[in-house]
Amino acid sequence: MYSEWIGRRVARIPKESGNLPGDTTSFVGRKHDVARSRQLLGRTRLLTLTGPGGMGKSRLALRVAAQVRRSFPDGAWLADLAAVEKEELLEHAVLAALEPGHDMGQHPLAALTDFLQGKRLLLVLDNCEHLLHGCALLVHALLASAPGLQVLATSRQSLGVAGEHLLTVSPLSAPHPDDPGQVTAAGQSEALRLFADRAAATLGEHALSELGRAAALICHRLDGIPLAVELAAARMRVLTCEQILDRLDDRFALLTGGSKAAPARQQTMRAAVDWSYDLCGPQEQLLWGPFVRLPRQFRP
């Protein structure tokens, strides 16, 4: 009897279907952004997280999706579009994420529509900025044909689809280096907490027992940008906080060495800036200044 009761209880637990990847590093801060995202998803079918490169839009989207996926009987699904170079491949990429064994002979949009019929799921479209027009058309078509679909997108620009809600992802809170309380208490600053966490992972058993003013200055000068803070912490393998701080005037040369498993644009700050620059039109690129406009072979 007891085993039957347990079986019935387990059967009632919603199955967490989908393809969201598990966390490989700790998620630091962003309590307000997570709460606000969840609130917006409760009243919109399309939420786009926007902001400059390196702000952590993708990580935030995955965190939110993982927290809300129990609300979607058919799960939360990730379609990472970073490697999709042509808009004509967009529908195939999304379909491959949702249904890897789909019929290749069927038109991808028709196959997507068929797959989504009668389902209630969350689709995370990550890295839409280089495929804005195609993503806008696809999202509009899918939302119109699949009433149970909600989309959480990340993009450096809005998709411009009717009904879209935007949430701008800001930098992490950074400590003021002249406030002793903020310098010594990493919990007061999201950026300092992130730096401490990633530095501890880098240093292992040699991790610092406490952070000083140099670490606070690093986070402050990097404006709390998560990617920059993580890359700076990775340099703790060979440099002290004071040495990193001394080299920040040449941050493009210093902030390298990101995870080799990450996309190329997330392995250095130079690559992150290049990605943004290449997405701009000729007139917009003029605003970046002469250094950024140099061809890559002439950049340090």
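**Leu142 and a helix pair**

Visitor: Which helix holds Leu142?
Guide: Leu142 has its place in a helix that covers residues 132-145. The model is a predicted one. The helix is α6.

Visitor: Is Leu142 buried or exposed?
Guide: Its relative accessibility is 3%. Buried means under 20%. Therefore Leu142 counts as buried.

Visitor: How is α2 placed against α3: roughly parallel, roughly perpendicular or oblique?
Guide: Helix α2 spans residues 31-41 and helix α3 residues 57-68. Their axes lie 10 Å apart, at an angle of about 60 degrees. That angle makes α2, relative to α3, oblique.

Visitor: How many residues of the contact of α2 with α3 are nonpolar?
Guide: From α2 come Asp33, Val34, Ser37, Arg38 and Leu41. They meet Leu60, Arg63, Val64, Gln67 and Val68 in α3. Two residues of this contact are polar and three are charged; the nonpolar ones number five.

Visitor: What share of the residues in the chain is buried?
Guide: The chain has 15 helices and five strands. It contains 300 residues. The buried share is 45%.

Conventions: Residues numbered from 1 in each chain as written. Predicted model: local features only at pLDDT ≥ 70, side-chain atom pairs only at ≥ 80, totals over all residues. Heavy atoms only, no water. Helix = DSSP H or I, 4+ residues; strand = E, 2+ residues; numbered from the N terminus. Buried < 20%, exposed > 50% of the residue type's maximum accessible area, 1.4 Å probe, protein only. Axes fitted to C-alpha atoms, helices over the stretch in contact; angles between N-to-C directions. Parallel < 35°, antiparallel > 145°, perpendicular 65-115°, else oblique. Contact = heavy atoms within 4.5 Å. Nonpolar A, V, L, I, M, F, W, Y, C, P; charged D, E, K, R; others polar.
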